[in-house]
Amino acid sequence: MVGAVLGLTLGSFAALAQNVVKIGVPIGLSGANSVVAPSVVQAGQLAVAEINAHGGILGKHVELDVADDGSGADGAVKAFNSLIFQQNVNALITMETSAARNAGLPVVARGKVPFIYTSSYEGRSCSPYLFVDAWVPEQQVPPVIDYFQKEKAAKTFFLVGSDYAFGRGMLGFTRKYIEAHGGKVIGEEYLPMDASDWTPVLSKLRTANPDALVSSTAGGAPNVTLTKQLRASGIQVPFGNLGVDEGTAKAIGADAAGVYVSQSYLTSLDNPQNKAFIAGLQKMFGSEMKTPNDLSEPEYDGVYLYKAAVEKAGSLDTDKVLKALPTVSFTGARGPIQMNKQHHAPLTMYLGQVQQDGSVKVIQSFKNVDPGDQCPKLK
Amino acid sequence: MADAALQIEHLTSGYGEAMVLRDITLSLQQGEVLAVLGKNGMGKSTLLKTIMGFLPPHGGTIRIHGTPTTGLSPHRLAARSVAYSPQDQAIFQDLSVEENLRLGLRSDRGFAPALDRVAGFFPFLAKRRRQAAGTLSGGEQKMLIMARALLSRPRLMLVDEISEGLQPSVILRMAEVMRSELSGSQLSILLIEQNVQFALSVAQRYAVLTRGEIVDTGLIAQPGVEARIHDHLAV
Amino acid sequence: MSAPMRDAAPARLPSERFRLELGGIGALTLLGLALVAVGPLLLDRYSVNILIRSFLYGSIAVTVDILWGFTGVLSFGQSAFFAIGAYACGLAFSHLDFTPLVAVAALGGGVVVAGLVAALIAWLAFGTGVSPLYISVVTLVLSIVFVQVIYAGGDFTGSSSGLSGFDTFDLSNEAWFRIAGVALVLVTLLGWIFVRSDAGRLLVSIRENEQRCRYFGISTSWVKGALLVVSAVVAALAGYAYAAYTDVVAPDLGDFQFGTMLVIWVALGGRGTLIGPAIIAVLIDFVSAWLSGSLPFVWQLVVGAVFIVVIVIMPQGLGPALAGLVRRLLPRVSRIQPTAARLAEAPTYDIETHMQMGHAPAAVEITGVARSYGSLHVLEDISFTGRRGELVSLVGPNGAGKTTLIRCISDGQERTRGRIAIQGREVGRMPPERCVRLGLGRKFQTPNVFDALTVAESLRVSRSRLERLSPWRRADEIHLPEAAMQVARATGLVAQLGTTVRHLSHGAKQALELAMVLAMEPSVLLLDEPTAGLTKPERTLIGGILVDLVAKHGLCILLIEHDLEFVREISSRIIVLHQGRIVLDGSVEEVVTSELVRTIYTGEPQAIGEPAAAGPGSDG
Amino acid sequence: MTDLLLDILTTAGILFVVAVGLLIVFGVLKIINFAHGGFLTLGGYAALIVTELNWSPWLAAPVALVIGLLLGAAVERLIVRPLYSRPLDAILATWGLSIVVVQLITIGFGRSTQFVLSPVQGAVPLLGTSYSLYRLIMLIVALVLGGLIGVVMQGTRLGLAARAVIMNETLAQSLGINSELVRFATFSVGAGIATVAGALITPLLSIDPLMGLPWLLNAFMLVMVSGTSLISLAAASLVLGGAQVVVSTYSSPVLGALTIVVLAAVLLRIRPAGFARA
């Protein structure tokens with residue numbers, strides 16, 4: 001908070017920079033997020049290429065600066081430092097693990113740059129510099145639980161997560177939601193974020209024999225190992241995965257079939273923005289294109305939201321941009337997105353089920369779900 | 001004239017800075033047994049280790065059957081029909097008797113007849129071939145060492161204190177076996193000993209090693225040799 | 001204005017050399033401080049930012065070097081101590097309000113926890129009979145355990161996310177830069193003074209030959225343990241600063257890779273050079289951060305490859321290799337003058353003073369001692385008494401148990417049965433360092449010396465129980481008792497005080513070990529073949545000194561010897577061991593004329609009954 | 001209960017497969033090969049190559065074996081051989097090698113986590129429950145590998161020479177065994193087994209450049225307590241692996257991850273020689 005006040009008065013260091021707009025993307029190219037990170041980078045690159053093709057931001061060329069944060073806190077400190085103080089970026093727009101985000105926030109406060117966080121997360125991360133254009137538990141969890149309780153008559157639930165802020169935050173909310181709606185949680189297990197052997201958890205799951213399984217694991221790798229090992233173990237149970245995205249589901253292959261997901265973006269969404277988005281990616285990356293997903297599309301939106309804010313502020317000055325950000329809106333593949341005064345965005349959510357080919361079939365949709373009170377102190 | 005089985009000239013050797021052997025000159029003719037006698041700590045084992053290539057000599061030359069061997073590694077010397085029986089840790093305790101014997105040959109070919117031959121000397125070997133060598137008694141272990149050395153029909157044997165701690169009957173048996181192997185073959189033996197009687201019963205020549213130097217050498221057939229050697233070894 | 005007298009290249013005194021070197025390091029220190037002062041003005045923000053961390057890492061690298069490079073204690077777990085300090089900061093500021101009191105308490109807490117954990121590790125790793133490799137294993141385990149404990153801590157420790165965004169000291173980057181920089185300079189300077197002091201030489205002697213140190217009465221476990229605790233505390237302080245500065249703590253800070261990276265930096269910089277590791281740590285971490293954007297993998301690859309090459313080809317490290325190169329290019333610049341302390345007579349110690357107190361107990365009394373390994377009996381029912389002024393020789397063929405007997409006398413853990421008393425005091429189960437304090441001195445068979453120390457330094461270390469070693473300076477005089485002095489003079493060691501022991505002849509090493517043992521002023525001297533590998537004149541000389549020690553100073557000497565001629569010349573009594581038992585205990589005359597001894601030595605075993613099998617199992 | 005038993009057995013099997021290459025190198029060469037983790041990772045990537053070439057997943061292990069044998073041979077000549085007399089430096093140098101391996105893999109394949117096809121899918125009914133077929137296969141692999149190494153060591157001339165070098169290298173040399181050659185062959189085979197193990201465990205897990213590290217630590221601890229004996233290693237894998245499964249199942253997986261290293265450290269403190277000759 002001390003830093004915040006100073007930040008508002010001093011303005012941005014980065015604003016002194018050259019005739020380009022630099023956007024930093026600290027992201028987990030290695031570690032837990034490494035499966036999904038390339039698709040996020042591609043979404044960002046597409047947005048930047050499009051913006052540059054149309055004259056840049058305030059007439060300045062836009063550059064994307066990607067740095068690996070190793071999906072962890074320690075790596076994030078290095079990546080944020082490097083981007084903010086070495087590369088002098090004007091803003092950070094990225095999807096990260098909660099650990100990396102938390103670790104990066106103090107650096108952001110010191111460097112005083114806007115930070116648009118494009119990853120769904122456990123919620124309630126608040127900072128004058130931080131804006132979020134992806135979902136929080138209040139938006140994501142209800143579709144899955146409601147569906148299991150109504151359609152699968154599930155009474156007992158087993159929760160599995162990676163042991164980190166996102167995993168614990170999501171499942172903490174899920175447990176409360178289940179218990180508030182008459183269900184019962186009969187097991188809650190966590191593995192370290194980088195663990196890959198789920199055998200003991202699966203043993204407990206088998207013994208507990210719940211009506212439904214809900215998981216919330218880190219980015220890519222733990223999702224894959226959990227799903228594969230669950231299938232290999234022969235345990236049959238309705239499985240809702242709060243942490244899987246479409247690209248990861250594809251990487252898992254047939255083992256993911258039947259898994260329920262709750263997302264704000266799916267490749268199958270039928271609207272012109274989504275078609276243009278996918279076509280743009282295909283044109284730009286060809287065979288190298290990664291499947292866009294719920295963690296990558298918000299990056300695309302985030303870059304455009306930043307552009308809108310800068311243009312509204314008429315300057316790259318951090319103070320002005322931060323003021324403008326909650327007032328601008330952008331219509332992307334997920335529909336119109338506008339972040340609110342509490343720095344979070346109402347979103348349309350979809351309950352889907354993974355098919356044999358890895359695609360996700362939409363089962364139900366929920367319009368403009370509100371994130372609830374995330375940061376009441378921010379005004 | 002045939003090359004000597006072993007020809008050592010002006011050999012100096014030791015561990016690091018400590019010179020254990022100084023200016024040793026010795027020769028062992030083909031078909032001959034030379035006994036090197038001396039008390040503990042006089043450099044006898046060091047002599048064998050140097051010949052066998054475990055210790056690099058500081059000076060001097062070693063020739064085996066006319067070929068200089070300085071710088072050759074131990075396994076190469078073994079390949080040249082040199083059989084070495086160290087004093088300590090000379091058997092693989094955890095290997096069976098048969099495995100110990102198999103290691104006496106360079107390959108398993110021809111093992112069966114060779115085993116039959118040495119079992120002729122020491123019949124217990126055939127009976128106990130599956131037993132771990134470490135469970136043999138001290139005397140049996142020494143006989144195993146001797147048998148293993150003879151198995152490959154070596155041309156030069158380097159034998160370190162084979163009689164140590166043995167019963168008289170076993171010592172007699174050892175001497176018999178050595179004599180019978182020597183007769184009519186090209187075998188030569190360098191025998192390191194403290195047991196004077198045993199050494200004299202097998203060897204043709206002797207050398208006394210004291211503090212790393214040869215102080216006396218001669219033919220055993222001479223009269224009064226035993227008394228002379230005892231003088232060297234006495235307190 | 002008279003020209004000073006010039007001796008023929010006298011060895012420089014340690015204090016002079018120390019002051020000279022201190023001048024050098026002082027200049028370096030000032031340079032370092034100056035750089036730290038102006039750094040923030042010259043460097044860009046990012047570099048300042050990164051260097052703060054690099055400086056803190058440099059400090060830990062220095063502690064790793066003191067532990068490993070100097071003392072031979074290879075710890076992979078310094079990262080864990082660093083992280084303990086960091087988490088003390090992170091946990092306190094996350095869960096309590098940030099107040100000066102909390103800040104100080106957290107610092108104290110971190111230091112205490114790190115110290116206690118280090119003490120526990122030391123207790124585990126430096127106990128008697130524990131393998132020297134165990135410290136590396138257990139510190140490896142420590143770093144793994146630490147990370148898992150943090151994982152298991154849930155919201156309290158932040159698990160794999162770590163803790164961040166807590167309130168912390170409101171200091172500018174420039175201030176942190178100066179704090180970290182000054183800390184690095186200070187840690188290096190203090191470390192440098194310590195390792196070059198007399199006490200610092202003790203570390204090297206532990207690395208070189210821990211057994212010898214213990215037989216000088218030095219509790220090496222305690223020294224190593226204390227060093228580990230201090231290193232842990234320094235690492236924890238660095239960790240605290242790191243957390244307070246970055247505002248983030250994460251489990252990676254304590255993991256095995258970071259612990260290993262520290263070791264790599266030290267190996268690259270040069271083990272046992274302090275400044276090398278400090279510089280390399282800062283350099284590599286700084287360059288890594290700079291290149292992390294553009295060439296991260298290639299840079300790591302280069303570091304790894306260089307590390308392999310350094311380990312294989314120049315194990316002394318890059319720093320010393322470079323220094324060596326410079327020295328070769330400029331041959332005249334840095335000729336190192338030999339340095340050595342002066343020898344001085346110690347106030348005479350005299351066993352007779354004790355003797356005058358009447359009814360003095362026997363020097364060494366051995367009753368019914370036995371030693372067996374499983375079913376193998378190496379010693380059985382050994383009883384005898386050694387009196388003052390007696391030189392007792394232990395003779396017997398190989399494997400008779402002579403060395404085992406010496407070992408049993410000097411280490412209470414060795415024997416299976418029986419009692420041993422030195423000067424009337426029971427040895428019990430005392431480890432060697434405590435047996436030695438009863439007045440025992442033991443010389444080993446092969447010269448057991450400190451190869452990397454000079455002769456003078458070795459003598460000083462051997463005296464450390466009687467004269468405290470200063471941790472911050474070097475004394476010019478070594479006080480030796482007359483006997484040790486006599487050995488040093490007679491064998492020419494006095495002329496070689498500045499020579500590194502590695503370069504001594506075998507005979508000189510034997511003499512040095514004897515002098516070192518005598519420097520401890522023992523009343524009972526155990527000598528295992530002190531003349532092995534010596535020339536005839538050298539043997540005669542040593543023999544004369546031994547006889548003198550017994551006659552003039554009333555020592556009791558137990559001597560193992562193969563050279564019976566030598567034994568005959570110097571012994572007052574001879575004990576003959578054969579197959580683990582005493583077969584004869586008598587005067588020189590009795591033994592020399594004994595038929596029994598003759599048969600033992602010339603191998604007619606029937607004379608002394610049935611010989612036992614050399615190995616376990618029945619005779620066949 | 002049956003599940004627990006199967007978990008224990010298959011975990012022990014996997015641990016044995018992963019550690020045995022390290023064990024034989026330690027036995028014959030008396031050095032700890034810290035590049036073992038790097039070799040495991042390399043095996044994982046060999047499996048990845050096989051997957052990307054659309055070859056049968058069954059080919060992953062043989063391909064990994066070839067890579068491991070060749071690499072092991074090169075490493076022994078260039079790095080390990082000069083360090084025989086400096087075992088501690090050998091640990092450090094092989095750790096440096098594993099850094100190099102990891103970085104080379106990163107340059108070649110990127111840092112991201114990747115996956116390979118499993119040669120078999122799903123579970124099979126067994127003893128009244130259904131159990132992961134691949135884990136059962138790993139148990140069989142462990143038994144076959146252990147048996148194979150046992151037969152080679154006990155039944156062949158090469159194995160006899162290797163055992164002779166393990167027990168008493170000096171004596172082996174004086175009996176004409178070229179111990180340098182034995183060391184060379186052993187290191188190469190040890191590396192080969194490590195890469196095969198890496199290829200075999202990947203279908204269960206995921207592949208990334210650092211995947212070998214946790215396995216290296218467990219394997220290292222197992223070898224420290226087992227000494228040089230194959231039987232001890234099997235026992236240690238069963239006891240420590242079993243303890244890990246039990247702790248993970250009944251307490252927490254986080255503590256479970258610690259079980260092997262902590263138990264091994266305690267065992268080594270109490271009995272420095274470890275399980276060997278217990």
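Predicted model: local features only at pLDDT ≥ 70, side-chain atom pairs only at ≥ 80, totals over all residues.
**Stop 1**

Start by colouring chain A by domain. The domain assignment gives domain 1 as residues 2–135 together with 269–346, and domain 2 as residues 137–263. Taken over C-alpha atoms, the centres of these two domains of chain A are 29 Å apart.

Now select the residues where they meet: 23 residues of domain 1 of chain A are in contact with 23 residues of domain 2 of chain A. On the domain 1 side, look for helix α4 of chain A (residues 98–111), which supplies the largest share, three residues. Colour that side by class and you will find 13 polar, seven nonpolar and three charged residues.

**Stop 2: chain C against chain A**

Next, show chains A and C together. Their contact draws 24 residues from chain A and 23 residues from chain C. On the chain C side, pick out helix α2 (residues 45–70), which gives the most, with four residues. That side of chain C holds ten polar, eight nonpolar and five charged residues.

**Stop 3: a helix pair in chain D**

Finally, move to chain D and select helix α5 (residues 133–155) and helix α6 (residues 157–167). The axes of α5(D) and α6(D) lie 5 Å apart, at an angle of about 80°, and the two helices are therefore roughly perpendicular to each other.

Show the side chains here. From α5(D), the contact uses D:Val152, D:Met153, D:Gln154 and D:Gly155, while α6(D) brings D:Leu158, D:Gly159, D:Ala162 and D:Arg163. By class, this contact of α5(D) with α6(D) has four nonpolar residues, three polar and one charged.

Definitions and conventions
Residues numbered from 1 in each chain as written. Chains lettered and ligands numbered in written order. Domains from an automatic or database assignment. Contact = placed C-beta atoms within 7 Å. Nonpolar A, V, L, I, M, F, W, Y, C, P; charged D, E, K, R; others polar. Axes fitted to C-alpha atoms, helices over the stretch in contact; angles between N-to-C directions. Parallel < 35°, antiparallel > 145°, perpendicular 65-115°, else oblique.
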